[in-house]
Amino acid sequence: MNNFIYDIPVRVYFGENQLCHLGEELSKYGKRVLLTYGGGSIKKSGLYDAVTKEIKNAGLELYELSGIAPNPRIDSVRDGARMCKEHNIDVLLAVGGGSTLDATKWMAAGACVEHDPWDFFSKWAPVEKALPVVTILTLAATGSEMDSGGVISNPETQDKIGRLADPLLPKASFLDPTLTYSVSPYQTACGAADMMSHIMEVYFNMEPDLYMLDCFMEGMMKTIIKYAPIAMQEPDNYEARANLMWTSSWAINGFVNGGKQQAWSCHPMEHELSAIYDITHGLGLAILTPRWMKYCLDETTVSKYVQFGVNVFGIDANLEPMDIAKQSIEKLSAFFFDTLGLDNTFTKVGIEEKNFPVMAKKACGDGVLPGFKPLAQQDIEKIFAMCR
Ligand code: NZQ
Ligand code: ZN
């Protein structure tokens with residue numbers, strides 16, 4: 001097990017009626033607030049009115065940027081960074097799902113530099129500081145509310161690139177499960193698949209590691225499997241929404257990483273799919289993950305699948321290891337495609353074979369994608385072919 005540093009300094013306000021703390025939280029950073037949001041779900045739900053009321057009651061100055069799209073674009077980031085500079089913004093308030101949160105984090109960084117914000121991704125320009133960001137989460141999925149990452153798309157170059165940087169970590173996040181009651185069954189399912197993947201990217205690892213963390217991750221995976229279908233059928237089931245929301249944050253806030261190598265596999269592959277086809281991130285992950293598992297299964301890795309199958313899906317531990325492993329992949333597929341009802345092939349979501357080589361090449365950075373099993377371009381093309 002490797003040494004690690006544990007440091008997750010995000011203040012979390014969890015539960016209903018916590019917005020009364022919003023004014024005091026924002027006021028810590030100054031007077032001028034840039035409120036950012038997406039395509040309008042927060043107006044339909046009434047959250048916009050509640051948030052603006054709190055901001056005004058606290059005597060703060062409100063500026064707004066709306067229209068942040070799913071798979072957020074660099075243009076939104078550019079607009080936000082410009083607004084921050086023009087209006088001398090003190091703090092950004094992101095209200096929405098992962099896309100709004102991610103874009104806002106990069107606006108906050110873009111506000112502190114003179115160069116084009118895309119340079120953070122194309123040239124890996126240093127991220128030395130960012131304006132403070134506070135979030136109000138409306139969709140349990142990405143964990144952006146409690147991590148230092150943000151993923152941005154550039155349609156001109158067909159790139160979708162994620163990057164972590166400490167200054168992007170939100171100062172505070174408001175997690176009210178009732179705000180996710182209006183999330184559609186489809187987005188709930190995609191969010192569940194995304195959270196599952198965040199955990200599996202760390203869990204599927206052959207390094208000796210902390211048993212405690214494996215148990216924690218198994219508990220979170222069981223939580224998703226138990227509560228995602230309930231949330232889809234009963235959108236206003238508080239217990240289901242609350243369990244999913246807190247799992248979203250803990251799946252990726254860094255806690256489960258302790259002592260493990262950090263290379264992920266399915267996310268780099270998925271980002272290439274949504275870069276070109278603009279599909280929902282969790283959907284792409286659901287299609288890829290069982291195929292990736294199948295591709296990586298052999299005598300050297302089987303023990304991890306056995307642990308997963310027995311502890312997460314309750315498969316009989318007395319069966320042959322390979323049988324347990326194969327059953328665990330079937331169980332996961334059944335969860336994604338039958339229980340959550342997500343499409344199960346690339347064809348169904350319009351991903352074409354002609355782009356397999358270019359997507360595979362980008363996913364491995366024209367080298368080898370490290371991870372559970374190192375994957376070169378041809379390995380990734382084979383995994384894509386299994387998804388057809
Ligand atoms: O834009 P609005 O109108 O708000 O509608 C959104 C959007 O259409 C809607 N929605 C959100 N909350 C809602 C709601 N609809 C009804 N009621 C609510 N309460 O849901 C749609 C999808 O929203 P989006 O923010 O795109 O979804 P998600 O949270 O899944 O974010 C996906 C993005 O995050 C990135 C993904 O790649 C993708 O770009 N990721 C970010 C990560 C991170 N920061 O660490 C890690 C992830 O692995 C992921 O890559
Ligand atoms: Zn993800």
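**Domains and zinc site**

Mentor: In this predicted model, R73 forms a salt bridge with D278, the closest N and O atoms being 3.2 Å apart; the term salt bridge is used for a side-chain nitrogen of Lys or Arg within 4 Å of a carboxyl oxygen of Asp or Glu. Local features need pLDDT of at least 70, side-chain atom pairs count only at pLDDT 80 or more, and totals for chains, interfaces and linings use all residues, while residues are numbered from 1 along each chain as written, chains are lettered from A and ligands numbered from 1 in the order written, and side-chain values use heavy atoms, without hydrogens and water.

Trainee: How many salt bridges are there between domain 1 and domain 2?

Mentor: The count between them is 2.

Trainee: And where do the domains run?

Mentor: Domain 1 covers 11-179 and domain 2 covers 184-386, with bounds from an automatic or database domain assignment. Their contact (heavy atoms within 4.5 Å) takes 25 residues from domain 1 and 25 residues from domain 2.

Trainee: Switching topic, which residues hold the zinc ion (ligand 2)?

Mentor: Its protein donors are D194 (OD), H198 (NE2), H267 (NE2) and H281 (NE2), lying 1.9 to 2.1 Å from the zinc ion; donors are N, O and S atoms within 2.8 Å of the metal (3.2 Å for Na, K and Ca), and water is not among the atoms, so sites may look incomplete.

Trainee: How are those donor residues spaced in sequence?

Mentor: The spacing is D-x3-H-x68-H-x13-H. D194 lies in helix 7 (residues 185-203) and H267 in helix 10 (residues 266-277), so this pair ties together parts 73 residues apart in sequence; helices are DSSP runs (H or I, at least four residues), numbered from the N terminus.

Notes. Helix = DSSP H or I, 4+ residues; strand = E, 2+ residues; numbered from the N terminus.
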